[in-house]
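Trainee: I have a model open and would like to learn how to read it. Can we go through it feature by feature?

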Amino acid sequence: MRTQLLIGAAAVAMLFPGAAYAQSTGSTDFDNNDIVITSTRTQGGVGGVQIPDSSKAKGVLTQEFISKQTPGNSILDTINSLPGVSFQNNDPFGSAGGTLTIRGFDSSRIGLTFDGVPLNDTGNYALYSNQQLDPELIQQVNVSYGSTDVDSPTAAASGSTVNYTTIVPTDDFGARLQGSVGDYNFFRVFGLLNTGRFTSFGTKAWISASNANNDVVFNNFGKIRKSQYNARIYQPIGSNGDFISLAGNYNVNRNNFFGSAPLRIDTTISPTNLTLRTPGTGSSNRFPYSQNELPYTIARCLTTPAVAGTAQTTGTVNAPGASNNGVTCGSSFDERYNPSNTGSIRFGSRFTLAPGLVFTADASFQYVKANGGGTVTGREQLRDIDPTAGVNNQPGFIGGSYYFGRDLNGDGDTLDQVTLLAPSQTVTHRYGLITSLRYDIDSNNTLRIAYSHDYGRHRQTGELNQLAPDGYPTDVFPINNPLRDSNGNIVEKRDRLSFAILDQVAGEYRGTFGHLTASIGVRAPFFVRKLNNFCFTTSSSGFLDCFGRGNTAANTAYAGFNPYSFNSTTNVVTGFAPPQSRTYRYNRVLPNIGLTYKFGGGATVYVNYSKGLQVPGTDNLYNAFYYPVGSAQAKPVPETSDNFDAGFRYTTSKIQAFVGPWYTRFTNRLASAYDPDTQTTFYRNLGRVDKYGIDGSISYKPIPEVVAYVFGSYMKSEIKNNVVLGTCTTVTTANCTAIGQTIYALTAGKRESGAPVYTFGGRLQGTFGPVSLAVQAKRTGPRYVNDQNLPNLQCTGTVVNSACPTASVSYQVYPAKTPAYTTVDLDARVSLEWLGLNKTTYFQFNVQNVFNEFYVGGFSGGATTQYSVPFAQIGSPRAFIGTLNVQF
């Protein structure tokens with residue numbers, strides 16, 4: 001559909017307090033204490049773009065900028081207009097996920113906070129762009145390009161941080177209703193109600209809700225649905241900025257997967273022993289070459305009917321006139337679901353204890369219930385786990401297959417194979433606390449101390465459930481009613497319980513000496529990871545066999561049939577590591593030092609050094625269970641970074657500009673690659689990696705009606721070492737001449753994969769009476785597909801030792817890097833005040849990707865060799881969206 005109008009009722013202009021460029025209430029209070037924050041004359045920015053006068057390299061976008069973007073879109077897509085940031089949205093509406101890098105840091109190295117509350121996954125530190133706050137409720141978003149605040153409670157930010165803050169309730173009653181419609185049956189409604197001050201103490205609050213729906217953009221099947229509910233109550237205390245606040249958020253997503261696939265083979269070559277990839281639903285057929293191949297069709301089907309007394313196998317009975325495309329009913333990638341229920345409760349406060357002495361406290365609780373994955377074959381039979389002549393039949397998850405020992409399809413026999421839903425399930429309960437005490441020694445010198453606590457209970461399981469006859473899941477959350485085996489145990493592919501605990505103390509001093517301001521900070525995090533694996537670990541890649549907790553007989557027998565041993569000379573494991581618990585501890589002292597010098601007239605230079613840290617994620621630590629306690633392989637080392645920033649800023653009421661070079665040195669740089677088909681993450685230690693580059697932007701308002709903004713970045717990274725891939729298992733490849741020989745990927749001197757070499761873009765906006773028009777564009781440079789910076793190859797034989805056997809032939813399936821691409825967006829707004837309505841009532845029109853640029857969207861870096869083909873998204877297509885916003 002093309003743009004239509006949705007008429008609604010109405011809302012209030014929002015009251016934005018002074019700029020807050022930090023994360024927690026304590027950091028905000030410290031920065032706003034009139035020493036390094038920009039002056040009142042310039043802190044409003046130009047065109048919604050602000051450049052804070054800090055010793056750190058930061059960029060800020062305010063609601064003025066955010067509101068011009070597509071309503072409901074992810075805030076991570078909005079910051080794509082800042083230098084150094086690269087975000088590929090999976091669709092035009094923000095509810096389908098995306099891929100973020102900042103200065104080449106992937107999302108697992110970027111600390112994301114929401115009112116100071118950390119949002120990175122407690123297990124793998126991932127970010128989920130489709131679960132972010134409605135953009136209408138975001139006061140501002142700030143990006144710290146290379147460092148974090150000293151009280152930030154994160155295990156992930158070895159690189160950049162992103163923080164956004166919610167709006168404060170208004171003093172007066174008001175309401176707002178916004179409706180949007182657009183292409184792909186996009187329909188969204190957002191409502192906000194401000195109570196105004198409703199007590200004699202000045203208490204005020206707001207509540208909001210939104211609902212968005214759209215079709216998947218690349219096929220005829222998938223749907224994306226998102227509902228969000230928010231509220232905040234705010235109690236000012238006195239007139240000096242003290243307050244207490246309580247806020248809540250609940251977000252529900254129901255998404256189908258789409259468009260993600262291995263980069264497709266070059267169709268100019270077609271040897272008979274290679275399978276060409278074409279548009280479609282199979283695991284190898286989801287990456288088209290052009291828009292002409294989209295959308296692709298998913299035919300409806302019926303699962304195999306049950307027949308008593310005969311052995312059914314998984315398969316498809318076609319619906320009338322339909323084709324199954326060779327995919328088992330309900331099992332195509334695009335039929336998978338990625339549901340999530342997430343919520344948070346956030347408490348914030350600030351108290352002036354005495355003149356110059358301020359205490360702040362933020363507390364939070366977060367809840368996550370989410371999964372993702374596809375289908376598997378469930379077997380009604382038992383599995384003999386006795387490798388000798390004896391027989392020991394057991395149900396469970398064994399050798400990558402699911403055995404139940406009971407009837408699954410209701411036909412009364414135990415002869416069948418049945419298609420089942422088998423996502424990877426995660427449930428997290430997370431508690432946080434950030435406290436800070438600031439003391440002003442005098443007007444030029446300030447101290448603060450801080451304590452942070454973060455406690456996450458992270459449950460990772462893999463329950464199964466039935467499919468309906470039409471291939472749809474009976475419940476997208478199998479954890480609600482999981483299938484059990486003949487012994488009453490839950491059959492699942494993983495069973496883990498993790499506790500991620502952080503206690504951190506920090507201190508910071510800031511002093512002003514004439515034109516020079518110095519800040520010196522240090523944080524000392526103490527990380528504890530308490531891990532419990534209730535399955536057997538059968539490989540260093542984390543593959544598991546599971547019989548269920550409480551199934552003592554099967555677990556004991558399996559351990560006896562596969563006795564575990566480790567050769568410390570050859571580092572070779574035999575047998576399987578039994579279920580066990582381990583505790584890991586990581587402690588570091590992380591300094592943060594910065595200088596700012598003001599020349600006057602808006603000109604400033606700055607320099608900053610910070611130390612970053614990323615503790616190994618739970619997947620990596622669980623993989624290490626394959627090795628015995630005390631061995632080097634059993635304790636993955638943390639990744640550290642040394643970040644250096646310098647730059648020049650010029651800020652006035654008409655200009656916000658900066659340019660700054662930067663340099664980062666990684667130690668023990670951990671690369672990971674995720675395979676959504678097997679739902680497995682593979683890790684490699686790249687050793688030392690050096691990164692450097694330059695960022696810059698300028699926002700200029702020559703007259704009140706015109707704003708011009710340009711930005712750009714260049715980045716170079718260099719892997720210093722060849723990466724160890726393993727040891728030689730058979731002498732059949734050129735890189736292996738003897739059994740036991742160490743195998744290397746030749747990565748030394750190469751760039752990291754996944755990050756663009758350069759980005760640049762801009763925005764031009766003009767206001768003509770009641771009409772504002774703007775065009776914004778961005779050019780994203782090429783991205784290497786693997787860390788060897790070589791073309792991806794496919795082998796006519798089986799890849800061995802991470803190479804093609806000498807008796808086989810390799811063919812190029814994709815070039816070494818993805819092509820650069822350019823996207824152009826338009827937005828127009830017409831105030832309806834001329835109709836006698838409130839001046840904040842308007843119609844807005846957005847067009848994303850105006851020229852329908854076809855490009856490779858987000859893909860994870862970390863593919864080490866040229867035989868590792870990463871999964872990639874198709875770039876978000878063109879979309880038209882119309883919005884009516886009514887307020888009073």
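Trainee: What does the accessible surface of the chain come to, and what share belongs to carbon and sulfur atoms?

Mentor: Accessible areas come from the Shrake-Rupley method with a 1.4 Å probe, and for residues only the protein chains shown count as cover. Here the chain's surface is about 32,300 Å², with 58% belonging to carbon and sulfur atoms. Before we go on: this is a predicted model, where local features need pLDDT of at least 70 and side-chain atom pairs count only at pLDDT 80 or more, while totals for chains, interfaces and linings use all residues. Residues are numbered from 1 along each chain as its sequence is written, and side-chain values use heavy atoms, leaving out hydrogens and water.

Trainee: How many helices and strands are in the chain?

Mentor: Both are DSSP runs numbered from the N terminus: helices are H or I with at least four residues, strands are E with at least two. This chain has five helices and 56 strands.

Trainee: Is Leu621 buried or exposed?

Mentor: Buried means under 20% relative accessible area, exposed over 50%, and partly exposed in between (1.4 Å probe, protein chains only). Leu621 has 0% relative accessibility, so it counts as buried. It lies in helix H5, residues 618-623. In the chain, 60% of the 888 residues are buried.

Trainee: Which residues does Leu621 touch, not counting those up to four places away in sequence?

Mentor: A contact means heavy atoms within 4.5 Å. Leu621 touches Arg529, Leu531, Tyr584, Tyr586, Pro616 and Pro636 on that count. Take Arg529: it is 92 residues from Leu621 in sequence, yet 9.0 Å away in space, C-alpha to C-alpha.

Trainee: What about rings? How many aromatic pairs does the structure hold?

Mentor: Rings of Phe, Tyr and Trp (its six-membered ring) pair if their centres lie within 6.5 Å; planes under 30 degrees apart are stacked, over 60 edge-to-face, and the rest tilted. The structure holds 26 such pairs. One of them, Tyr431 with Tyr455, is tilted, at 6.3 Å centre to centre and 50° between the planes. That pair links distant parts of the chain, with Tyr431 in strand E26 and Tyr455 in strand E27, 24 residues apart. Tyr431 is partly exposed at 42% relative accessibility, and Tyr455 is partly exposed at 28%.

Trainee: Why is the pair of Phe536 and Tyr558 edge-to-face?

Mentor: Their planes stand at 80°, with ring centres 5.0 Å apart, so the pair counts as edge-to-face. Phe536 sits in strand E31 and Tyr558 in helix H4, and both residues are buried.
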